[in-house]
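Me: Hi, I've got a model open and would like to talk it through with you. Could we start with the cavities?

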Amino acid sequence: MRTRAHVLNSLAVIRNLGILAHVDAGKTTLTERILFLAGAIHRTGEVHDGTTVTDFDPQERDRGITISAAAVGCAWDGHRINLIDTPGHVDFADEVERALRVLDGAVAVFDAVAGVEPQSESVWRQADRYGVPRIAFVNKLDRAGADLDAAVASIRERLGAVPLVVQLPIGREAGFTGVVDLVRMRALTWVAGAFGEGPVPEELAEEARRRRAALDEAVAGLHADALEEYVRDGSLGGATLAAALRAITLDTDSGGVVVLCGAAYRDRGIEPLLDAVVAYLPSPLDVEPVPGRAAADPAEPFAGLVFKVASSPTGRLAHLRVYTGTLRKGDTVLDTGAGRAERVGRIVRVQADRQVAVDEAVAGDIVAVAGVRSARAGSTLCDPGAPLLLEPPHAPEPVVSVAVEASRSPDSGRLATALGRLVEEDPSLSVRTDAETGQTLLSGMGELHLEVAVERVRRAHDLAVDVGRPRVSYRETVLRGVSGLVYRHVKQDGGAGQFAHVVLDVAPYGGAGEGGFAFTSTVTGGAVPREYVRAVEAGCRDALAEGPLGGHLVTGVRVVLTDGATHAKDSSETAFRAAGRFALREALRASSMALLEPVAEVTVTVPEGAVGTVLGDLAARRGRIADSTVRGGTAVVTATVPLAELFGYASRLRGRTQGRGTFTARPTGYALAPEGVVTA
């Protein structure tokens, strides 16, 4: 029988981490090299060949991008690493969000030429939101124009982090052959496919000493024990430096981030990166305990969070992180949100598209289970005798919609079933029926997101599907409100009647495009009882679903209930909810309203000679230019553009730059739309 010490030791050698980056920074290639070096696979695949382990979906291989977060595992230096390769395209940011919710640490990958890119910044902020410790890996140092110092500067400037660079490159661009480990002051080289270690080259010795001194100083500024030694000795010993780097990494409030470098495609820099994962990133024992449970204790009652639901050849699987307790095959668990007890039919460890059956999973494990039919992404599964509810991942609002219908009328029922399964597996998608047209609308995070979703329906269910032109999700907001709007709700149709009298003030809330809703009551003397005040608020929220301009969701509104009256017999929560709904609708019709449209930060990368063409095209799309820089013959233009103006932009950009232009778009919120914008 295993003792508690054995259990804790087994948890201490687990690392649950994600690989985060902007699209094309080399995440999937890095993951492939990690698996190969750790012995989990016997040959490396390539993204451009569609042969990597984690990009196993046919669409991922066709498009050359990661679409779904894929879990894999390997072993390194006596540690078990559970690794999730996440998408880098902004349209699939929800996959990253759900993965980060259950991960203990992360490796953020940056392109040594481009530095911090838009989606690099987005995933970094997502990791900030969940307090995920991370280290940075500057990739592609073998490329023309690669510059570690410039990439590090962009980490400092755009992310607000304190980079702690622990390596010095040996060679530049195509001549990059290794790194100097500044912690141990040893040279690590990869020559002719062989890894070697030796003394620091003489020509780099002075630069290595200078950079080590700068590293000591930076670490001393972030760690009290290191500062004490630094003040006393003027430098840090290797053991003190390593311990301080781990402590700084685990403390996400410190701002410090360990930075390593390499060239994953050429198998350079992978070994020291894995060593850093083991040395600096947390184990399940280092993570804050679940409320009401001890930290990662297999002896506690079971609790886990589902972060992904997916179909597999063997049936529906719910991917979950076990936070406490032990889950065994055949156990009955409670889906807290659904209020249903479910029996666990199977437990498997997932290796991308392969599965290995296991009998149990313990605290710290990331596994998939079959049999829990009610589970959705964000569901809490726990011991029925010790129920709790874990915080689910943040679910983003869809911003783009398309009308979908079966090409053949008899297939309409099959399409509805397929769309239901699609939404179940991807919470960032939604399906609704347009009340005016009767069309089925599929909504998601972007044009590519919807293209992938529709193609998934076609392939998985063998359905012919017709798709309409994409439409964005507009909002309505109040520019100038009304005061003292009186609404009396009276209904008599035999039996008990309904009576509610309310007086509302309506005003803008937040800045233009910021959105939100606020409700307060200033009623005195008990004119409207407290339970009826809550009903009025609920009715007001109901009214926000359709605005007066075009039936769009209303946001950016403050409502104050200033007065009201009740009837001894006919007043009820139902009556006051109806009064709140109809009163706010009437108030919005009387207010000065404006349309809000979704906007995105667009980063366009083109040859320097095409800048004028790109600027003119962005201006024609109502874009506001924020920045334009030129480096090494390549121009990078950043602008804010209405999302509706970006449909078809990829083809237009390729045509205007002879196929050499690329762009990324990151939704940033809503802005006031000019008069005359057509939303239908």
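Reply: Happy to. The lining of the largest cavity has 8 nonpolar, 1 polar and 2 charged residues. Here Ala, Val, Leu, Ile, Met, Phe, Trp, Tyr, Cys and Pro count as nonpolar, Asp, Glu, Lys and Arg as charged, and the others, Gly among them, as polar. Bear in mind that this is a predicted model, where local features need pLDDT of at least 70, side-chain atom pairs count only at pLDDT 80 or more, and totals for chains, interfaces and linings use all residues. Residues are numbered from 1 along each chain as its sequence is written, and side-chain values use heavy atoms, with hydrogens and water left out.

Me: Which residues lie nearest the centre of the largest cavity?
Reply: Pro284, Glu288, Pro289, Ala296 and Tyr323, out of 11 lining residues. A lining residue has an atom within 4 Å of a cavity point, and a cavity is a set of points on a 1 Å grid over the protein atoms alone where a 1.4 Å probe fits but cannot get out.

Me: What volume does it have, and how many cavities does the search find?
Reply: The largest cavity has a volume of about 70 Å³, and the whole structure holds 2 cavities of 30 Å³ or more. Volume is the space filled by probe spheres set on the points, with grid points joined across faces, edges and corners.

Me: Switching to helices: how do helix 9 and helix 10 pack?
Reply: Helix 9 (residues 238-250) and helix 10 (residues 270-280) pack at an angle of about 75 degrees, with axes 9 Å apart. They are therefore roughly perpendicular to each other, a label for angles of 65 to 115 degrees. Axes are lines fitted to C-alpha atoms, for helices over the stretch in contact, and angles run from 0 to 180 degrees between N-to-C directions. Helices are DSSP runs of H or I with at least four residues, strands are runs of E with at least two, and both are numbered from the N terminus.

Me: And which residues make the contact?
Reply: Helix 9 brings Ala242, Leu245, Arg246, Thr249 and Leu250, while helix 10 brings Val278, Ala279 and Tyr280. Contact means heavy atoms within 4.5 Å. By class, the residues of this contact are 6 nonpolar, 1 polar and 1 charged.

Me: What is the strand order in the antiparallel open sheet of 4 strands?
Reply: The order is 7-8-9-10. Two strands pair if DSSP finds at least two bridges between them. Strand 7 (167-170) and strand 10 (194-198) each have a single partner strand, so one side of each is left without a neighbour in the sheet. The twist averages 20 degrees from one strand to the next. Helix 10 packs on this sheet, touching strand 7, strand 9 and strand 10, and its direction makes about 135 degrees with that of strand 9.

Me: How many bridges join strand 8 to strand 9?
Reply: There are 4, between strand 8 (residues 178-181) and strand 9 (residues 186-191). Val179 has Leu188 of strand 9 as its bridge partner.

Methods:
Parallel < 35°, antiparallel > 145°, perpendicular 65-115°, else oblique. 1 Å grid on protein atoms, 1.4 Å probe; cavity = no way out; pocket = protein on both sides within 12 Å on 5 of 7 lines; lining within 4 Å.
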